[in-house]
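Here is a short note to read alongside the model. Take the points one at a time, and keep the 3D view open as you go.

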Amino acid sequence: MRLIKLSANQESFRTIEFNATGLSLILASKKVEDKLKTYNSTGKSLSIALTHFCLGSSNNKAFGENLPDWEFQLQFEINGKEYESLRSTKKQGDIFLNNKKYSLDKFRGFMFDLLFEAPEQDGHISFRSLISRFIRPGKFAYNDATIYIRKEQDPVRQLNNAYLLGLDTKLISDKLRFRKELKEAKDFKKQLEGNPDFKAFLEKQPVRLNPDIKIKSLKDEIERLQKSLQSFVIAEDYNSLKLEADKKTREIAERINEVVRFKNVIANIENTLLLKKDIPVEKVLKMYDEAQIEIPDLIKRTAQEAEQFHLKILSDRTSRLIKEKHKFEGLVAAENEKIDLLDRERSELLQFLKGRGALEEYLDLTRRLTDATQQLEKFEFFKEFTTKQKNRINEIEIALKDGNIQANNYLTEKEALLEDNIALFQSIVRDCYDDKTAGINVTNNEGDNQIRFNIDPYIDTGGSGGGVDKVEIFCYDWMILLAQHHHQVKAIWHDSLIFEGVDTRQKSTLLKFALEQSEQKGLQYIIALNQNEFEDIQNQFPEIAERLHQKCVLELTDESDEMKLLGQQVLMEYDKG
């Protein structure tokens, strides 16, 4: 893929026509002496954002709000065939490729197939993730050689980088997948164990309830309830019969109380009948006679009459008490007969109700059976899935250990590939640092994480700094371009940020390398430079500056709005990275 031209539907736009091969310079010049103004307002960085916009980047709210009627076109060539992508700021969800409308997803898929080899298995490698490694999309992309995209997760980042280094992405995807599955398995097991139904036997207690014991208990309860329901007969008049039996029970109790009362009366009568009679008058008179005390005849006669009266009264009283006793004995007998009758009637009712019940009772048994069955299902589910999850966790952990062994063996087998990448990186570094150790360290990450390979390009400057991180970025990007692992991209585009903190000699050396390599290999190197950077090179290395100036495809200045990329003054925050 080579870029041909970036244009717009507005006449004010400063169209950029890139050199077919070699270096293309976009120069940002500062014509107005104002310390508050910077080179950023001319649009050199905006040109990168607009190129990505035409290559299917996410919707840009700032473009829609500040450039509502604009359409941007990017012409590019892949394998000798020219393409033109057109995208409107108003309808950003669609993009036209050679006049054919695509959704963003379809466009990205089509572009991936044109430019990149499909990895064996992975959904994290995409056109957007890869193209951003040749056209770094924003200032956040100039902090680290292997970091290109804002908020790109570490596993995805190392996966895309490994892909462009020619490494096997399956090993990376496997670890990423297994780590994800392991987390999901552990989370699921934790959620399952946190279920209120199972906390009782999962919590540490003096006696922990084993699931098997609970399952056996529930099965026994279900069996009992099922038998009860099978033998259960619903009596339609169960409640009224039960009430009648209860009524007879109460009546029996009342009559028993009456019998007790009657018997108490009989006992009192019998006690009264046992009382002794008074001393006879004759015996009293004899006692007086023996004492030689004379009692008048009148008194004797009166005492004898009184005795006869008293005896008559006693006889009548005894007769009456006996009659009363017989009366109450008859009442007791009558009550006992009624009690026997009531007891027989009650027994018949209870015998009828035995094995029968009310509908409410039947429904209660059914509810209890349903509850027990549901609990059994939950406990059996818990037992089954906790066992499965434990086995799954062990299987994944074994697979991860096997993956570590495979990765170690793989790096040994691919030693030649790794050495080729290192040699290519070193050759680029040596054009800038003749005596510095450099390389790309690729190691197997066996840690408890989602990273399979640690990828670390480095230049050992002995701690001298001097913009070495930016030189690492430059050399790493060129190594990716020259190695041509899995891709057909023939261009790199760097913003002026690539030379931030780099001294003039190193800038000149790197640009000389880019000039020569891009021409020799038929590649494109697009670079945005600020005027002061160009002038520094011009002062120290005029030959290189002259060659650069010959490759200038657009000069943007701050002397007027017309000389800026959009040809007008538009203030917008299109890149918040």
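1. Let us begin with a definition: Ala, Val, Leu, Ile, Met, Phe, Trp, Tyr, Cys and Pro count as nonpolar, Asp, Glu, Lys and Arg as charged, and the others, Gly among them, as polar. With that in hand, look at the lining of the second largest cavity, whose residues divide into 4 nonpolar, 1 polar and no charged. Please remember throughout that this is a predicted model.

2. Which residues line that second largest cavity? They are Leu165, Leu418, Asn421, Ile440 and Val442. Helix H13 (415–430) and strand E10 (437–444) are the elements that give two or more residues to this lining. The volume of the second largest cavity is about 30 Å³.

3. How many cavities of 30 Å³ or more does a search of the whole structure find? The search finds 2.

4. Now turn to a sheet. Strands of a sheet pair through backbone hydrogen bonds, either parallel or antiparallel. Here, 4 strands form an open sheet with parallel pairing, and their order is E12-E13-E3-E14. At the edges are strand E12 (491–494) and strand E14 (552–557), each of which pairs on one side only. From one strand to the next, the twist averages 15 degrees.

5. For a close look at one pairing, follow E12 and strand E13 (residues 524–530), which pair in the parallel sense over 4 bridges. Tryptophan 493 has isoleucine 526 in E13 as its bridge partner.

6. Helix H15 (residues 504–520) lies across strand E3 (22–29) and E13, and runs at about 140 degrees to E3.

7. On the H15 side, the contact is made by Thr504, Lys507, Ser508 and Leu511, and on the H16 side by Glu533, Asp536, Ile537 and Gln540. The residues of this contact divide into 2 nonpolar, 3 polar and 3 charged.

Note on methods. Residues numbered from 1 in each chain as written. Predicted model: local features only at pLDDT ≥ 70, side-chain atom pairs only at ≥ 80, totals over all residues. Heavy atoms only, no water. Pairing = 2+ DSSP bridges. Axes fitted to C-alpha atoms, helices over the stretch in contact; angles between N-to-C directions. Contact = heavy atoms within 4.5 Å. 1 Å grid on protein atoms, 1.4 Å probe; cavity = no way out; pocket = protein on both sides within 12 Å on 5 of 7 lines; lining within 4 Å. Points joined across faces, edges and corners; volume = space filled by probe spheres on them.
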